[in-house]
Amino acid sequence: MSKNGYLLPVLSVFFVLYFFLFPYPVREEYVLVPERKISLENVTGDLAGLSGSIRSFRGENRMGYYDGEGHAVILDGTGRSCISDRFFLQEREGELVAHSRSGQDTFVLDTALTPLLFGDHLFLTDIFQGYISETDIQGRTLWDYDLPSLITCMDYRDGLTAVGLLNGEIRLFDERGEALFTWSPGGSRISAIYGIALSPGGESIALVSGLDPQRFILLERKENGYRPVFHENLADSSRQPLTLSFDDSRNILIRGKGEGLFYRPNTPSLMSFPLEGEFVEGVTSPDDGTILFASEENQRALLALYTRRGDLILTNRYGDRIFDMDMRDGKILLAGSDRAYILGRGFY
């Protein structure tokens, strides 16, 4: 045997001992684990049985509540019905019947206006006539306002109401309905506001404005009102209202065309997350900052989970359309046309 003939058995013994004495950790895979399936077919209304951390959700024709103890209450969500974590409204014979989640403090509104719920705050709107009013939990009008154009989008946060209009204006109102700020971005061939969102505390206003080009614009509160601090033309224009939302860290999620867009304060550009199909919704986790996008193709949804740096963690098919999505307390809630799922997140 040549002097190199002993090399193979010696190295084999070395590698066997190395891997047994110093095992290499296998990379864990991030997974979404279904923990509960909620049927939306049967309407059940045992609101008194809810406890713990309660969140609201809505499907195609149903809405409901889910609590931290695993209980769900399903309500009729047809017509002009809407829901928040503390209140819900249902339409009955042309009237709006409002309830607190406990089933108490009920009032009836004989109105043809469209209700919008932002947490504890109820607004009644006539989108086409440009009319808006805020109503308290006893059904009394707190303030109202006649706007000069059709309402295209709206948001409420911490006592402030922001409204976008078809004529390209935005209006900001305080809790008494006093107009605090009016502004027209301009700079596009067609002027219209396609999306608007308020940051926590109302320090910033995010909006998508115009066509040809369509632009994302961020305004920040200064001494003499709000001033633009960032803007970027979007690669593709949407002629439908766009979804914009701030998370608690003032990051912004924006609906794109075949992509999800993300903006972190004080960064030079929007971050693009390519998605299959059409964007449906995006949410960020308050726990670890991960971003969950839902897109739709052929009446089926695709979930894509990213880190805040833009690294893809996983994709997952969902055999239904998604109408609502929420991510908090380490759980993901998905509501479809006839069922909802509670998903846990973890490593396998």
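In the hairpin of β3 and β4, five residues sit between the strands, and glycine 70 takes a positive phi near 95 degrees. Strands here are DSSP runs (E, at least two residues), numbered from the N terminus. The model is a predicted one, so to speak of local features takes a pLDDT of at least 70 and side-chain atom pairs count only at pLDDT 80 or more, while totals for chains, interfaces and linings use all residues. Residues are numbered from 1 along each chain as its sequence is written, and side-chain values use heavy atoms, with hydrogens and water left out.

Glycine 64 stands opposite isoleucine 74 in β4. A hairpin of three residues joins β2 to β3, and arginine 55 stands opposite tyrosine 66 in β3. Four of the five residues of β3 are buried, so this strand is largely enclosed by the rest of the structure. Buried means under 20% relative accessible area, exposed over 50%, and partly exposed in between (1.4 Å probe, protein chains only).

Now for the charges. Side chains of opposite charge can pair when their charged atoms come close. A search of the whole structure turns up 19 salt bridges, each a side-chain nitrogen of Lys or Arg within 4 Å of a carboxyl oxygen of Asp or Glu. One of them links aspartate 76 with arginine 62, with the closest N and O atoms 3.8 Å apart. Aspartate 76 belongs to β4 (residues 72-76) and arginine 62 to β3 (residues 62-66), 14 residues apart in the chain. Both ends are partly exposed, aspartate 76 at 26% and arginine 62 at 21%.

Aspartate 212 and arginine 189 also meet in a salt bridge, at 2.8 Å from N to O. Aspartate 212 lies in the loop between β18 and β19 and arginine 189 in the loop between β16 (179-183) and β17, so the pair ties together parts 23 residues apart in sequence. Aspartate 212 is partly exposed at 48%, whereas arginine 189 is exposed at 58%.

A further salt bridge brings aspartate 326 and arginine 328 together at 2.9 Å, N to O. Here aspartate 326 is buried at 18% and arginine 328 partly exposed at 23%. Through shared partners, salt bridges join Arg55, Asp85, Asp326, Arg328 and Asp329 into one network.

What about the nonpolar side? The largest nonpolar core has 18 residues, of which Phe216, Leu218, Leu244, Ile252, Ile254 and Leu270 touch the most other members. Such a core is a set of buried Ala, Val, Leu, Ile, Met, Phe, Trp, Tyr and Cys residues joined through side-chain atoms within 4.5 Å. Strands supplying at least two of its residues include β17 (190-198), β18 (204-211) and β19 (215-222). Leaving aside residues up to four places away in sequence, the contacts of isoleucine 254 (heavy atoms within 4.5 Å) include Val208, Phe216, Leu244 and Phe279. A second, separate core of 16 residues includes Val283, Ala294, Leu303 and Ile322.

Leucine 219 is found in β19 and is buried, at 0% relative accessibility. Among the residues that leucine 219 touches, again not counting those up to four places away in sequence, are Ile170, Phe181, Trp183, Leu207 and Tyr226. Leucine 219 and leucine 207 are twelve residues apart in sequence and 8.4 Å apart in space, C-alpha to C-alpha.

Conventions
Pairing = 2+ DSSP bridges.
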